[in-house]
Amino acid sequence: MISTAPATGRTASVTDPATGEVIGQVPLGTAEDADRAVRSAEAAFGDWRARPMAERAALQHAAASALRSRSDEFARTLTREVGRPLAGSRSEVERTAALLDYFAEEGLRLRGEIPKLDLPDERVLVVKEPVGVVVAIVPFNYPLTLLTFKLGAALITGCTVVAKPALETPLTTLMLAELFREVGYPPGAFIVVTGRGSEIGQALVEHPIPRKVAFTGGTAAGKRIAAAATGTNKRVTLELGGQCPAIVCDDADLDVAVPALLRQTFENAGQFCYRVNRMYVQRGIFGAFAERFAAAARGLVVGNGLEPGTQMGPLRRADVLRKTEEHVSDAVAKGARLLAGGERMTGPGYERGYFWPPTVLAQTDHSMRIMTEETFGPAVGLMPIGTLDEAIAHANDTPYGLAAFVFSRDLATALRAAERCEAGSVWVNDIHRSYDQVPFGGYKQSGLGREKSRHGLDEYLELKTIYLSLPKGMGA
Ligand code: NAP
C-alpha cells in the first residue's frame, strides 16, 4: 500500500478494479494546493531553464535507467491501479523509460536559426525558449506514458511541470515523482498533485502562472479545459477521445488483419483512445472475417491482471462498464447480431471487479451508438460494406479523427484510402504501437497539437526573434 500525507485532511481511496480492495490513500487537493504547487514550479523554473541541455539530458537518462531498474515494482502497482495484465504494465514502464531517453536525445538536437539576411550591421537570431510552468493532466488508462509524452518533452526543454493524474490511478505517478527526486531533479521541477479534475484540476488550468496546459482525456473535458485556459491565454495541447474505424477490403490478408485488429480492439480492455471501435468489412470477405475475429475474441482469457495467463483485465470504472453495456444493448435492440460476449461476467473470480467480456457485434449500422460514440470498453461493431468509397465515407462520418486502419493487399488502393481518412495516424496492413519519433495527435475533435517526435518538443518552446545591431562601419 502507498499513502501520502493529506494536505488538507481530505483523502480519497484508490481501489484495485479487479477486487475492489483499497490499495492506497491520496490527498483530495484543493485550489490552495494547486496554488502552492504552481508557485514552487515557478520558483524552480529560473534555475532549471538555465541548466545546460547536456545536464538536463543526463538527468533524464538517469531517470529512465532508475525506472528500468524498478520495473517490476512499478508494473505491479500499475496493474493494481489500472487492472491491466502484468505484461502490459511492464511494457508501459519500458515505454515510459524509452520516452524519457528519446526526449533527452531530441533535446540535444534542438537548434535555433540565424537567417542569411545579408544586412551589413545587423544579425537576426531565432532562438527557442521554454514556455514556462506546464500543467499536465492525464486520464486513468495509461498513467505513466500519457504523462511522459508531456513530462519528457517539457523537462528537457527547460520547463517545470505540475502534474495531475486521474484520481483512480495516482499511485505510479507519485512513485515517478519520488524517483525523479532520488535521481537528482531539483525541488519544484516536477510536482504531482492529486484530487478531482473539477476541483484541483480546474484550479491549475485557471491559475495565472502556468503558461501551458497539456491535457489528455475525454473530448468534453478537453473543450472545457481549452475554454478555461483562454482566460489567461495559455498554450494548449489536447489529446482527446477517439472513435476509430478500420476498413477491411475483400483482398485483405486475414492472417495479419485478424490478430492485429484483435489487439487494437481489446488491449487494455478497450480502454485506449486509438482503439478500433468499428469496422467496415467488404461483403466478399465479411462472413469469413467475422467468424475468425469473433472466435479469436471468445478465446481471450479475462481475469485479474496479476494472474498468469490473463489476457484482458477488468474495466477501471463502473461508468465505463455501464457505457459498454449501453452500447451493446442499444446495438442489439436495433438489430445487430451478437457474435461474442455481450453480458457482464459473473461467477468465481469476477464477483467484485468490473469484468466485461470481449464483445463482437455484426450487421451494425450508423443508427447504433457503438458506431458513432466512443465506447472505451471491449466491444466493437462490424458493418458489411460494398465499395471502398462507401467505407471511407462512413469512416469519416464522425466528429473524431484520431486514427484509422486499412487492410488491402493492393498497396496503391490502401495508400489512397489512408490519404483520404481524416485521422492523425493511419496504419496500413498491420497495427503496432505508435512510435516515439513520429507525431501523434488528432484531427477534428480528437485534439489540438501533437505529442512525441520533434514536433511534440516544439509544443513546449516559444520562438523568439532577436534583432542584433552591430557597431556601424566596422566593415564586412
Ligand atoms: P476525463 O474525464 O476527461 O479525465 C481526464 C483527466 O482530466 C482526469 O485527470 C480528470 O480528473 C481531469 N479533468 C476532468 N475534468 C477536468 C477539468 N474541468 N479541469 C481539469 N481537469 C479535469 O477522461 P476519462 O474519461 O477519464 O479518460 C478517457 C478519455 O481519454 C477517453 O475519451 C479517451 O479517448 C481519452 N484519451 C485520449 C488519448 C489521446 O492521446 N488522444 C489518450 C488516452 C485517453 P479526475 O481525476 O477527476 O477524473
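## Around the ligand

A polar contact here is a pair of N or O atoms within 3.5 Å; within protein, one atom must be able to donate a hydrogen and the other to accept it, and residues adjacent in sequence count only if both atoms are side-chain atoms. This is a predicted model, in which local features need pLDDT of at least 70 and side-chain atom pairs count only at pLDDT 80 or more, while totals for chains, interfaces and linings use all residues. Residues are numbered from 1 along each chain as its sequence is written, and side-chain values use heavy atoms, with hydrogens and water left out.

An oxygen atom of the ligand is 2.8 Å from a polar backbone atom of L167. A backbone N or O atom of G217 lies 3.3 Å from an oxygen atom of the ligand, and K164 brings a polar side-chain atom to 3.1 Å from a ligand oxygen atom. On its own the ligand has 910 Å² of accessible area, and the protein covers 89% of that; such areas come from the Shrake-Rupley method with a 1.4 Å probe, and for residues only the protein chains shown count as cover.

Which residues come nearest to the ligand? They are L167, G197, G218, L240 and E374, out of the 31 residues around the ligand. A residue counts as near when one of its heavy atoms lies within 4 Å of the molecule or strand in question.

Helices (H or I, at least four residues) and strands (E, at least two) are DSSP runs, numbered from the N terminus. Buried means under 20% relative accessible area, exposed means over 50%, and partly exposed lies in between (1.4 Å probe, protein chains only).

Helix α8 spans residues 219-229, and its buried residues are T219, G222, I225, A226, A228 and A229. An α-helix has 3.6 residues a turn, so residues three or four places apart point the same way. Which elements do the buried residues of α8 pack against? The partners are α7 (197-206), β8 (212-216) and β9 (235-239), where contact means heavy atoms within 4.5 Å.

## T172 in helix α6

T172 lies in helix α6 and is buried, with a relative accessible area of 0%. The T172 side chain makes a polar contact of 2.5 Å with the side chain of E81. Leaving aside neighbours within four places in sequence, T172 is in contact with F74, T77, L78, E81, P143 and L144.

## Salt bridges

Side chains of opposite charge can pair when their charged atoms come close. The rule used here asks for a side-chain nitrogen of Lys or Arg within 4 Å of a carboxyl oxygen of Asp or Glu, and by this rule the count comes to 34 salt bridges. One of the pairs is R80 with E21, at 2.8 Å from N to O. This pair links distant parts of the chain, 59 residues apart: R80 sits in helix α3 (residues 71-82) and E21 in the loop between β2 (11-15) and β3. R80 is partly exposed at 23% relative accessibility, and E21 is partly exposed at 39%.

E182 forms a salt bridge with R70, with the closest N and O atoms 3.3 Å apart. Here the partners are 112 residues apart, E182 in helix α6 (residues 171-183) and R70 in the loop between α2 (53-69) and α3. R70 counts as partly exposed, at 22% relative accessibility.

The side chains of D255 and R292 also meet in a salt bridge, at 2.8 Å from N to O. D255 is exposed at 54% relative accessibility, whereas R292 is partly exposed at 40%. R10, R196 and E199 are linked in a network of salt bridges.

## Backbone angles worth a look

Most residues other than glycine have a negative phi, and most peptide bonds are trans. K444 has a positive phi of about 50° although it is not a glycine. K444 is found in the loop between β16 (425-428) and β17 (447-448), and at 36% relative accessibility K444 is partly exposed.

S453, also not a glycine, has a positive phi near 65°. Is S453 buried or exposed? S453 is buried, at 1% relative accessibility, and is found in helix α15 (residues 453-458).
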